[in-house]
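Below are some notes on the model you sent, for use beside the sequence and coordinates.

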Amino acid sequence: MNKEIRLILVLFISLLFGACAPEESIGKAVPEKTRVTDSNETVKIGFSMDTLKEERWLKDQALFKKAVEELGAEVEIVAANGDDALQLTQAETLIQQGIDLLVIVPHNAEATAAIVQKAHRAGIKVIAYDRLVKNADIDLYVSFDNEQVGEMQAESILELVPTGNYVYIGGATTDNNVHLIKKGVFNVLQPAINRGDIKIVYDQWTEDWSPEKAFLNMTEALAVNNNKIDAVIAANDATAGGVIQALEAQGLAGQIPVAGQDAELAAAQRIVGGTQTMTVYKPIQILTEQAAALAVRMAKGEDVNTVKYVNNGKIDVPSILLTPIPVTVENMRDTVIADGFHTGTDVYGVVDE
Ligand code: GAL
């Protein structure tokens, strides 16, 4: 049974049962949450993740756990392997287990609205982590500024390639970030496009952020343009890896500038090796510490005020947007390595004193 049908089925069943069970019985089915005011009571945070497929999510998982526990709270972490139905049932289980607050990385920005509704019915607030939940009364959104990610990618590449044929390899459309990143890229590229200096000769999304799909798309981009490509912007390092494999197959790796995101180790190695031009580094340590502190405060009933808001199609969500960092071979040491995100030895492949 494919994923979509299973999700619809699970959603239908949970709504059916949700719909026919009178309000008060829902209260009973899911223990009414009273705000944890007694500071002796240990706060319990639920962290529902989309996937652990990309390298960064393993860091998010480990660093968020550490940050929450350092605040004297408990955390239960689950990952749904890109499966919407599983993310829904995992969230229901966390709610049943009596969490005080839910932090969520949605696989599907729209489908996750049902989870927010269920959590709120149980009196549990929800924080969207890194990726926004669309069309839901989300309580807080904590992420990096994804539009800035796209702007940084395009600025780096446009500096090197002011004229020529560009390829854009976007991410998974289920992820709201891909629209923000792409908006940032075209904020920077559009004037050059309007002047006729650059031409977007291929523009494709990548289902599930799959490197294999990015490889196939880039292979097609090269074929339909007779390899006449001057620059590539890929939405993250995993897809950039697929792009560079396709360039390698044509003997073009290292000759065509490629942008990525996430500062994955393989990307950092490609950058110092010359086959990738840049990546956008997002210090996960800062994101997890901020999200953990806000989650524990909100679970204890504190209000959190923000200066920024991001509209999710339903409300202006109070938001904390952190600043990402563009990384090239020039500042690799002062950023990714200085922060201990990767060691010099791992990046340069030689013992790095
Ligand atoms: C995005 C995230 C990126 C990237 C991608 C794939 O939402 O912001 O860092 O890794 O997901 O999981």
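This is a predicted model: local features need pLDDT of at least 70, side-chain atom pairs count only at pLDDT 80 or more; totals for chains, interfaces and linings use all residues.

1. Which residues surround the ligand? They are Glu-54, Arg-56, Trp-57, Asp-130, Arg-131, Asp-175, Asn-177, Trp-209, Asn-236, Gln-261, Asp-262 and Lys-282. Sorted by class, this shell holds seven charged, three polar and two nonpolar residues.

2. In Asp-262, a polar side-chain atom is 2.5 Å from a ligand oxygen. For Trp-57, an N or O atom of the side chain lies 2.9 Å from an oxygen atom of the ligand. The side chain of Arg-56 likewise places an N or O atom 3.0 Å from a ligand oxygen.

3. The ligand on its own would expose 300 Å², and the protein buries 100% of that area. The space that the ligand takes is the largest cavity.

4. An open sheet is built from four strands in the order 7-6-8-9, with parallel pairing. Its edges are strand 7 (198–204) and strand 9 (258–259); each has a single partner strand, so one side of each lacks a neighbour in the sheet.

5. How many bridges join strand 8 to strand 9? Two do, and strand 8 (residues 231–234) runs parallel to strand 9. Ile-233 has Ala-259 of strand 9 as its bridge partner. In general, strands of a sheet pair through backbone hydrogen bonds, in either a parallel or an antiparallel way.

Methods: Residues are numbered from 1 along each chain as its sequence is written. Side-chain values use heavy atoms; hydrogens and water are left out. A residue is near a molecule or strand if one of its heavy atoms lies within 4 Å of it. A polar contact is a pair of N or O atoms within 3.5 Å; within protein, one must be able to donate a hydrogen and the other to accept it, and residues adjacent in sequence count only if both atoms are side-chain atoms. Accessible areas come from the Shrake-Rupley method with a 1.4 Å probe; for residues, only the protein chains shown count as cover. On a 1 Å grid over the protein atoms alone, a cavity is a set of points where a 1.4 Å probe fits but cannot get out, and a pocket is an open set with protein on both sides within 12 Å along at least five of seven lines; lining residues have an atom within 4 Å of a point. A molecule sits in a cavity or pocket if more than half of its atoms lie within 2 Å of its grid points. Ala, Val, Leu, Ile, Met, Phe, Trp, Tyr, Cys and Pro count as nonpolar, Asp, Glu, Lys and Arg as charged, and the others, Gly among them, as polar. Two strands pair if DSSP finds at least two bridges between them.
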